[in-house]
Amino acid sequence: MSARDVLVVPAPAKVNLFLHVTGRRDDGYHLLESLFVLVDLADTVTVARRDDGAILRARDVPGVPSRDDLSVRAAVALQRAAGVRAGATIAVDKRIPMGGGLGGGSSDAASVLLALNRLWALGLSRAELAGIGLGLGADVPFFVHGENAMVGGVGEQVTPVSLPRQWLALAMPPVQVPTRAIFAAPELTRSTPSAKINVFSVGYGRNDLEPVAAARHPEVAAALAALGGAAGSARMTGSGSSVFAACENAETARDAVLALPKGLRGLVVRTLARHPLASFA
């Protein structure tokens, strides 16, 4: 196997600066409006071309069968959509916690799509790859497009936005929050009005999923209280469990992380101007 048959690519995490649930379709899918911002915490995805058509994982992921692995599903979906006979072996070195609302699985899937588009010489556009990605999860098109963005609808509406880079303090409680259960909660607010502006302050809006996750998972409530006490305010990202606080500089973010109680993992991250693969073709 030559170097041309293997690609090693990053898969960065994201935070939702706000996340509003604006409605629910007849098919049960929720309509969202959220400001997605990439951060410099990332998984590493290695994709190797195979000639036998098989899509394989290089290693098992505890608790995640191969058929449910978004990286594998992304490769299979692309293979079917493009009608290619080539296969791939996929390895993901995880740094983004699973079930933390940071989009790790969706980002891994997007990076697989981008890498295989090159390895298999498909020449598909980002829009075409995003369309395939939408069938895998609502966050995947955002990562495929590669820009910080307002994301709407069920994830298919991605509008790039330019934002100043920020330092964030992250608190990552040791619990995985099941996204489906949060969206299925009867008490979830599903009628937040659509935003009428396109320039947002740091504290704009809220995360409609946060009260539900915090009520059902005490670890999330504790992380919000701890980071909020250390940094002045904190907000959950995605469906949880991770929470973040915007900070003035790296030192302030570091102090907030150091103030977290023992047993609550913290990390200082910085938002990215764009995805590392934004110009990848």
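**Exercise 1. Which residue takes a positive phi in the hairpin of β1 and β2?**

Solution. Start between the strands: this hairpin has five residues there, and G28 takes a positive phi near 95°. Strands here are DSSP runs of E with at least two residues, helices are runs of H or I with at least four, and both are numbered from the N terminus. Before going on, note that this is a predicted model, in which local features need pLDDT of at least 70, side-chain atom pairs count only at pLDDT 80 or more, and totals for chains, interfaces and linings use all residues. Residues are numbered from 1 along each chain as its sequence is written, and side-chain values use heavy atoms, leaving out hydrogens and water.

Next, follow the strands themselves. β1 and β2 are antiparallel, with 16 bridges (strands pair if DSSP finds at least two bridges between them). One of these places is A11, whose bridge partner in β2 is D43. Finally, look at cover: 14 of the 19 residues of β1 (residues 6–24) are buried, where buried means under 20% relative accessible area with a 1.4 Å probe, protein chains only.

**Exercise 2. Is S71 buried or exposed?**

Solution. First locate S71: it sits in helix α1 (residues 70–82). Then check its accessibility: S71 counts as buried because its relative accessibility is 3%. Last, list its contacts (heavy atoms within 4.5 Å). Leaving aside neighbours within four places in sequence, S71 touches I90, V92, D108, A109 and V112.

**Exercise 3. How many residues does the largest nonpolar core have?**

Solution. Begin with the term: a nonpolar core is a set of buried Ala, Val, Leu, Ile, Met, Phe, Trp, Tyr and Cys residues joined through side-chain atoms within 4.5 Å. The largest one has 42 residues, and those with the most contacts inside it are V45, V47, I55, V112, L113, L116 and W120. Now ask where they come from: elements that each supply at least two residues include β1, β2, α1 and β4 (87–93). α2 gives the most to this core, with eight residues. Apart from this core lies another, of 29 residues, among them A185, A213, A223 and L264.

To finish, take I55 as an example. Leaving aside neighbours within four places in sequence, I55 is in contact with V72, A75, V76, Q79, G87, A88, I90 and W120. As background, nonpolar side chains tend to be buried together in soluble globular proteins.

Technical notes: Buried < 20%, exposed > 50% of the residue type's maximum accessible area, 1.4 Å probe, protein only.
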